[in-house]
Amino acid sequence: MLIVRRVIFAKYGRATGTLTRYVSQNPNLSFGLLILVTVSLAAIFASVIGQVDPLKLDVQHRLEGPSSSHWFGTDHLGRSVYSRTIHGGRLSLVVGASVVAITTVIGGLLGMIAGYDRRMDALLMRVLDGVMAFPGLLLAMALMAIWGASLQNVIIAISVSASPSMARVMRSAVLSLRERPYVEAARAEGASTWRILMVHIAPNTLAPMTIQTTFLLAIAMLTEAGLSFIGVGVPPSVPSWGNMVSTGRMYQEVAPWVVIFPGVVLTLTVLAANLVGDGLRDKLDPRLRGKL
Amino acid sequence: MTAYIAQRVLSSIPVILMVAITTFSILHLAPGDAAGVIAGDQATAQEIERIKNSLGLDRPFVDQLGSWIADVIRGDLGRSLFTGHRVTELITDRLEPTVSLTVLGLLLSVCLGVPLGVLAAWKANSWIDRSVMFFSVSGFSLPGFWLGSMLLIVFAVRLGWLPAIGFVSIFDDVPGFLRNALLPAFTVSTSGAAIVARMTRSNMLEVLSEDYIRTARAKGLREITVVGRHALRPASLPVVTVVGLLLAGLLTGVVVVETVFTIPGLGRLAAEAVLRRDIPVIQGVILVIGTVVVIANLLTDIAYAYLDPRIRY
């Protein structure tokens, strides 16, 4: 066992060692990671641990309190709140992860172009400033009104409103990297712009981009829930934390569990993503410790 | 200062233009035929034709954009597809609740955030600091619609201390306004208070390590004077820079919170319009809110340059 550990340590060097130590010494970061891992596992194995079908109606057992057969109680149609919360988590994570992937590619590319090419910078930044002036949820709402309720449209609408912030982070990272001597050296050697961007600049933007993606994951999950709450998110038949709270509100006086459980799980998941973002930032960019 | 203001005002114009272009383009992002989408599945060909005509969808894009912007400058945002009312009238009718909630939310954010940030920095690395910072992360993790629903059921339904729904104008009845607006304003202010608390804390930590603070302590001033008078002012000044950011966050919160507390504001108007696909109303609301955010950012920059002359150069 010891030999194996030594081999791993020799291969991956100090980086892995310090990161694991850092995580174990930072209670907020480990708490955040623990919750995110738990929610992800629950989402992946939703159909196994979900007790019953989240869409199964059981009108004889409507608005029943938490019990051994329905851990989080039942809603106004007798559906299991526990099962719906677990499946809602799957939706929330799918939206969050897809938005992060899309904005990293699109926002990242736009930010790279703006940061590297001075002529494009002014134009692109004005366009992005214009999009950023809209509160994210409001812009996503307007797009959903045009496109209609579907999972795919929710993902695209949130990605559109979230890409500018990603582009800004990438742009400021590229702006500071492009003047570095090693980039100049690569340019002097005749490397193509594409090669400079992808081989020399992109890997060094990993730290700020990783931090931004965790915060974005939190924002995307909140926006998805907000859209579903207003009624323009995924179709009402799909369990989502937002639409569970929205329909549950009508019964919250007699059956508060219908609203409490999805809300608590949503808050914890978003909190976890924010804590991980904070922890990573303190580690990867200590200058920003405790700032915004 | 005049040169700085002129330069900032000029650089805001293209951004406002972009806001307008984005607002206008939303209609044209519809899959296939925009008029068909608005009219719905059961619409007849004549109905679609009528909508096409009233929105000018049968003309070229640049042509439409030009005349739309000209209309907007004249103060004409079109008519609601659903009720036929002028969009400008719908917006002005709904403006007051949103403006008063946002302003109250902004005040609450600052009044809660600054003292918490000062406390955390003063007791840095203690359990007080850690709990303030934890609450601050929780502040922007709490979904407004859920927090609002919870507060409503506890304070309005169970305890009956505050009214659950509705809005009273501040001009008619000040105590009534406060009773109605307290829960929604608190709900929207949590994320703002969190941001302000974090900023104040990190600024305060920087200021507290300055030489003049050591001097103040060395000459025997009481701790409360050192922190409250000598450190607070320079530490809270940069909070001004995030007012624009806070405003965008507050307006996002207001949209959902108005739905929770049944407040007839712009957010409610937008939510209703979105559900009915009433495109001109949606465009009107997001144009107004986007422009307000740009102007707020402009004013913030100017105010900060005025307060901290180093920015101007």
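In chain B, the axes of helix α9 (residues 211-218) and helix α10 (residues 223-236) come within 11 Å and cross at roughly 150 degrees. That makes α9(B) roughly antiparallel to α10(B), a term for angles over 145 degrees. The crossing is right-handed. Helices are DSSP runs (H or I, at least four residues), numbered from the N terminus. Axes are lines fitted to C-alpha atoms over the stretch in contact, with angles from 0 to 180 degrees between N-to-C directions.

This is a predicted model: local features need pLDDT of at least 70, side-chain atom pairs count only at pLDDT 80 or more, and totals for chains, interfaces and linings use all residues. Residues are numbered from 1 along each chain as its sequence is written, and chains are lettered from A in the order in which they are written.

Residues in contact have C-beta atoms, placed from the backbone, within 7 Å.

| α9(B), residues 211-218 | Tyr212(B), Ile213(B), Ala216(B), Arg217(B) |
| α10(B), residues 223-236 | Val226(B), His230(B), Ala231(B) |

They divide into five nonpolar, one polar and one charged. Ala, Val, Leu, Ile, Met, Phe, Trp, Tyr, Cys and Pro count as nonpolar, Asp, Glu, Lys and Arg as charged, and the others, Gly among them, as polar.

Now the contact between chains. Chain A and chain B give 44 residues each. On the chain A side, α5 (118-132), α6 (136-147), α10 (206-230) and α12 (257-284) each supply at least two residues. α6(A) gives the most, with 11 residues. The chain A side divides into 29 nonpolar, nine polar and six charged residues.

Val285(B) touches Ile91(B), Leu266(B), Leu269(B), Ala270(B) and Ala273(B), not counting residues up to four places away in sequence.

How values were computed
Two residues are in contact if their C-beta atoms, placed from the backbone, lie within 7 Å. Angles under 35 degrees count as roughly parallel, over 145 as roughly antiparallel, 65 to 115 as roughly perpendicular and the rest as oblique. A crossing is left-handed if the near helix is turned anticlockwise from the far one by less than a right angle, and right-handed if clockwise.
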